[in-house]
Amino acid sequence: MTKIIEATQLTKEYKKTTVVNQINLSVGQGDIYGFLGPNGAGKTTTIRMLLGLIKPTKGDIKIFGKELASHRIDILKGIGSLVEYPSYYGNLTGFENLEAIRRLLRVEGNNRIKEILHTVGLLNAKDKLVKTYSLGMKQRLGIGIALLGSPKLLILDEPTNGLDPAGIQEIRELIKGLPSQFGITVMISSHLLSEVDQMANKVGIINRGNLIFQDHIEELRKKSSTKINIRVNNPRLAESIIKKEGLDVALTAKEELFINECEDGKIAYIVEQLMRQQLSIYRVYEEKRSLEDIFLELTSEAGGVS
Amino acid sequence: MILDYISFEWFKLKRQKIWLLVLIVPLVSVLLGIANFFGNYDVLMDKPVDNPWLEAWTQVTLFYGILFLPIASGIYAAIVCRTEHLNGGWKLQLSLPVSKTMVFLSKLFVVLFLILLMQISLVLFYIIGGLITKFQEPIPWYFICTAILLSWIGTFSLSSIQLWLSFKVKSFSIPLGINVVLSLLVFAAYTSKWGMFYPWAQPSFVISAPEESPIDSLPIFISIVMTTFVITLVLAISKFKRSDLES
C-alpha cells in the first residue's frame, strides 16, 4: 500500500521538555487514520510538524513520498488542514473567507465555492459575517476551507472540539463520506476514541509524547476480549488454587481475581475446585471491556511508567 | 504570482475602516500645521522671499513627519497582522501551499501602499487648506511631490521592522507603544550625525522644507535608506521564515 504520511523518529523538544518523543507514524492511501491521545499528549504539536508550521527537533517527515523539509510548498498543495480551533477571518462573510483563500490557491471559479458551501451545509449562511457564526458553523467553514483545494490528504486536528453532540454527529457524517466521495486520505485527531471509532480504520495512540499503539482498529478491538471476574472470601488462597491448575490469574488491589479463560467447561471446573477448598464464592461474572476502556488503560499505563 | 498574494491581503482588509486612518491623520496634521503657521505668522514670514506654501508645509510636516507618519505606518503593520492574530489566520495561511517570503512581501506591499495613499491625501488636504486660507504664491509642486515621494521611500525600512514586530507580538497596543517611544527619539536623531541611519527618522528628514532638512546630500541619503531597507528586509524575512508557529 502506498504510504501517504511517513514520519520516522519524529521528536519535538522545547527547552528541556520533550513534547513528542521519537514517534513513527504511518498513514496509507485511503486510510482514515484516527490519531488519539489525551489533551496535551502531543497531537497538535505532531500535526503542526506535519504541516511544516513548526520544525521538528529531530526526525524525518515524508508526505506523498517527498521530504517535507525540502518540498514544503509542493506537499502542502495536496493537503487540506484544520488545526485546533477553527481559523477564519471574522470580518469577512463565509463566502468571502473561501473567496480570499481561493485567490491564494488560484482555484478556478465561483462554482467551486458554491460546491464547498453546499458540501459543508453553509449555503444559507454564506453572506453572514463569520464572527457571528456558531462554533459548529465555524468548524464546518474550516473543513470547507480545507477541502477548497481538492486535497489528496485531509488533516483535521480535533475537528469536533467544543461541539455539541448534534454538531459532532454532523461533522462525523461529513468526514465519513469524504474518502468514498473524493477518494482522499484522512488523518483526524481526537481525545475521544468514541469519536473516531465509527470512521477510522487505523488508529495511532499517543500519550505523553510517545506513540504507544499504531495499528488497524480491529487489533485494538481484539484487546477488548472478555475476562472472568471472581470474588471469594479468601482471594489469596483462590489465586494459588487457580495457578496450580495452570491458568493465568491476576489479583487486583480490590481483591478481585481476573482470568482470561472464558470457556464454559474450564470455568465450571475452576469453580468446583474452589468450592472443594471450602471457599465462599460471592460472584463469578464476565466482564467485557469497551474500546474506550482499552484506550484509557493504555494511556494511563504508559502514563504511570514515565 | 505576487499579485495573488497581494489580492489576498487586500481582500482581508474589508470592513476594517482603514480609510479612516488614511484620511484623518493627514487632515489633523494639516489643520494643526496651518493653525500653527498662522499662530506664528510674523516669525515664519519675516523675510519678503518667504513662500507661505513652504513655511506652512514645515509646520504641517513637523507633526506629520516626526510623529504621525511613523506611528500610522506602525498601525498599518499591526492591522495587516491583526486579522491573522485574531482567529488563527497565521496557521490557516501558512498551512496553505504558500511561500513565506511572498507572504511577508505582500503584507509589506499593502502597508507601503496604505502609507502612499495617506501621503497623497496629505497633499490633497494641504492644497485645499492652502487654497482656502488664500496662500498668495504659486504652489511649489515639484518640491511637494519630491518631499512626499522621498519620505514615502523613507518609511520602507521602518515598515519592514514594524511588520516583523507586529508578527512577533500578538497584541495591538504593545508594538504601538514601542513605536511611539521610538518616534519620540527622532528628535534626538536630528542632532546626531548618525541620525540618517535611524529608520524612524528617515521619513521626517526628507519631508521638511529644504532649509530645515538636516540632509546635506540627497544621493547619500537615498543610498543609506536603501541600504537599511535591504538589511532590515533580509533580516525580517529570514526570521519570519525560520520562526515556529505556536499559536
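## Chain B: fold and dimensions

Chain B has twelve helices and zero strands. Helices (H or I, at least four residues) and strands (E, at least two) are DSSP runs, numbered from the N terminus. This is a predicted model, in which local features need pLDDT of at least 70, side-chain atom pairs count only at pLDDT 80 or more, and totals for chains, interfaces and linings use all residues. Residues are numbered from 1 along each chain as its sequence is written, while chains are lettered from A and ligands numbered from 1 in the order in which they are written.

The radius of gyration of chain B, taken over C-alpha atoms, is 19 Å, close to the 18 Å that the globule rule gives for 247 residues, so chain B is as compact as a globular protein of that length. The globule rule is 2.2 Å times the number of residues to the power 0.38. The C-alpha trace of chain B spans about 65 × 40 × 30 Å along its principal axes.

## Chain B: packing

In chain B, 43% of the 247 residues count as buried. A residue is buried if 20 or more other C-beta atoms lie within 10 Å of its own, exposed if 12 or fewer, and partly exposed in between; C-beta atoms are placed from the backbone. Take contacts in chain B between residues at least 6 apart in sequence: 81% of them join residues at least 24 apart. Two residues are in contact if their C-beta atoms, placed from the backbone, lie within 7 Å.

B:Ile144 sits in helix H7 (residues 141-153) of chain B. B:Ile144 has 19 C-beta neighbours inside 10 Å and counts as partly exposed. B:Val123 is 21 residues from B:Ile144 in sequence, and their C-alpha atoms are 7.7 Å apart in space.

## Nonpolar cores

The largest nonpolar core has 131 residues. Such a core is a set of buried Ala, Val, Leu, Ile, Met, Phe, Trp, Tyr and Cys residues joined through C-beta atoms within 7 Å. A:Ile155, A:Val186, B:Tyr76 and B:Val111 touch the most other members. Helix H4 (residues 52-86) of chain B gives the most to this core, with 16 residues. A second, separate core has nine residues, including A:Ile228, A:Ile230, A:Ala238 and A:Leu274.

Leaving aside neighbours within four places in sequence, the contacts of A:Val186 include A:Ile32, A:Tyr33, A:Leu154 and A:Leu156. A:Ile175, A:Leu178 and A:Pro179 are also in contact with A:Val186.

## Helix H4 of chain A

Which residues of helix H4 (residues 110-119) of chain A are buried? They are A:Ile113, A:Ile116 and A:Leu117. These residues cover an arc of only 100° around the axis, which puts them on the same side of H4(A). The arc is that of the directions from the helix axis to the C-beta atoms.

The cover over the buried residues of H4(A) includes helix H3 (94-105) and helix H5 (135-148) of chain A. A:Asn111 and A:His118 are exposed on the other side of H4(A). Just after H4(A), A:Gly121 takes a positive phi of about 70°.

## Positive phi in chain A

Most residues other than glycine have a negative phi. A:Gln22 has a positive phi, near 45°. A:Gln22 is in strand E2 (residues 17-28) of chain A. A:Gln22 is partly exposed, with 14 other C-beta atoms within 10 Å.

A:Gln278 also has a positive phi, near 65°. A:Gln278 lies in the loop between helix H10 (264-276) and strand E14 (281-287) of chain A. A:Gln278 counts as exposed, with 9 C-beta neighbours inside 10 Å.
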